[in-house]
Amino acid sequence: MAPEINLLPHIERPSRGRRSLTIVLGIAFLLLVIYLSFQYISLNKTIQSLQTEEQQLQAEKAELEESIIVLDTPVKIDLATSVEFVESVSYAVSPLLVEVNKYVNENTYLRNYIFSESTIKFAVDFETLAEVVAYVGDLSSSPYFQDVKVEQIYTFDPASSTDEPGEETKSFEKVERFANELTVEIDPYYIRTGGVAE
């Protein structure tokens with residue numbers, strides 16, 4: 001009898017568990033490759049958008065640096081320009097003082113003038129409230145002023161230096177006076193044209 005000789009290599013069939021494990025690992029590897037590919041693509045898009053934004057910011061930075069250089073360069077102003085500017089924003093004060101004093105009577109006392117670019121604040125003392133009303137009406141009708149505001153009115157006794165403004169008088173023998181704080185708004189066009197209405 002002839003011996004049975006098999007020269008082919010013996011191949012063991014893999015078990016079902018091993019085959020399923022290989023399939024699961026292959027699927028996991030494939031999913032990992034797909035996930036990494038998507039991440040790579042999205043990161044590339046993000047990098048490109050950031051590079052575009054960086055270029056825009058660099059351009060804005062260059063523009064701002066140029067504007068800073070322009071702002072830092074000293075502006076040369078000659079004497080004529082300075083005089084022209086001062087004349088355009090200044091006005092004569094004397095006509096305003098004359099106008100404020102024009103409507104007061106002999107028993108009225110003006111004090112504490114404070115001038116600003118567009119207003120005059122001052123304090124004035126009157127004997128009666130009727131004088132206050134008449135004075136405010138006269139100032140309101142003046143072409144030099146656009147508006148007259150009575151900021152505060154309080155009474156005081158001129159004979160007593162111990163009375164504080166606003167303190168009530170307890171004796172009927174005392175004659176109170178009315179201290180007023182007024183603010184008048186200057187008409188800039190009227191004063192700059194030398195008292196000529198436009």
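This is a predicted model: local features need pLDDT of at least 70, side-chain atom pairs count only at pLDDT 80 or more; totals for chains, interfaces and linings use all residues.
A residue counts as buried when its relative accessible area is under 20%. By that rule, 20% of the 198 residues in this protein are buried.

Let me start with the overall layout. The protein has 5 helices and 4 strands. Reading from the N terminus, the order is α-α-α-β-β-α-β-β-α. The accessible surface is about 15,900 Å², and carbon and sulfur atoms account for 59% of that. As for contacts with a separation of 6 or more, 62% of them are between residues 24 or more positions apart.

Helix 1 covers residues 16–72. Tyr40 lies in helix 1, and with a relative accessible area of 56% Tyr40 is exposed. Tyr40 also belongs to a nonpolar surface patch of about 850 Å². Why can Tyr40 be called exposed? The threshold for that word is over 50%, and Tyr40 has a relative accessible area of 56%.

Next, the charged pairs. How many salt bridges does the structure hold? There are 3.

One of them joins Lys102 and Glu99, with the closest N and O atoms 3.5 Å apart. Both residues sit in helix 3, which runs over residues 94–102, and they are 3 residues apart, so about one helical turn separates them. Glu99 is buried, at a relative accessible area of 5%. Please keep Glu99 in mind, as I will return to it with Ser142.

Another salt bridge is made by the side chains of Arg111 and Asp125, at 2.9 Å from N to O. Asp125 is buried, with a relative accessible area of 6%.

Then there is the salt bridge between the side chains of Glu127 and Arg177, at 3.6 Å from N to O. Here too the pair links distant parts of the chain, with the two residues 50 residues apart. Glu127 is in the loop between strand 2 and helix 4, and Arg177 is in strand 4, residues 177–186.

Ser142 is buried, with a relative accessibility of 2%. Its side chain makes a polar contact of 2.7 Å with the side chain of Glu99. So what does Ser142 touch, once neighbours within four places in sequence are left aside? Ser142 is in contact with Glu99 and Tyr103. Glu99, then, has a salt bridge with Lys102 and a polar contact with Ser142.

Pro143 lies in that loop between helix 4 and strand 3 as well. Pro143 is partly exposed, at 38% relative accessibility. Leaving aside neighbours within four places in sequence, Pro143 is in contact with Glu99, Asp187 and Tyr190. The C-alpha atoms of Pro143 and Ile186 are 9.1 Å apart, although the two residues are separated by 43 residues along the chain.

Last, the aromatic residues. Searching the whole structure gives 4 aromatic pairs. Phe126 and Tyr135 form a tilted pair, 5.3 Å centre to centre and with 55° between the planes. Both Phe126 and Tyr135 are buried.

Tyr144 and Tyr190 form an edge-to-face pair, 4.8 Å centre to centre, with 90° between the planes. Tyr144 is in the loop between helix 4 and strand 3, and Tyr190 is in helix 5, residues 188–192, so the pair ties together parts that are 46 residues apart in sequence. Tyr144 is buried at a relative accessible area of 15%, and Tyr190 is buried at 14%. Tyr190 is also among the contacts of Pro143. Finally, Tyr113, Phe115 and Phe122 form one aromatic cluster.

Notes
Residues are numbered from 1 along each chain as its sequence is written. Side-chain values use heavy atoms; hydrogens and water are left out. Patches are made of residues with over 30% relative accessible area and no salt bridge: like charges are joined within 9 Å, nonpolar side chains (Val, Leu, Ile, Met, Phe, Trp, Tyr) within 5 Å. Accessible areas come from the Shrake-Rupley method with a 1.4 Å probe; for residues, only the protein chains shown count as cover. A salt bridge is a side-chain nitrogen of Lys or Arg within 4 Å of a carboxyl oxygen of Asp or Glu. Buried means under 20% relative accessible area, exposed over 50%, partly exposed in between (1.4 Å probe, protein chains only). Contact means heavy atoms within 4.5 Å. A polar contact is a pair of N or O atoms within 3.5 Å; within protein, one must be able to donate a hydrogen and the other to accept it, and residues adjacent in sequence count only if both atoms are side-chain atoms. Rings of Phe, Tyr and Trp (its six-membered ring) pair if their centres lie within 6.5 Å; planes under 30 degrees apart count as stacked, over 60 as edge-to-face and the rest as tilted.
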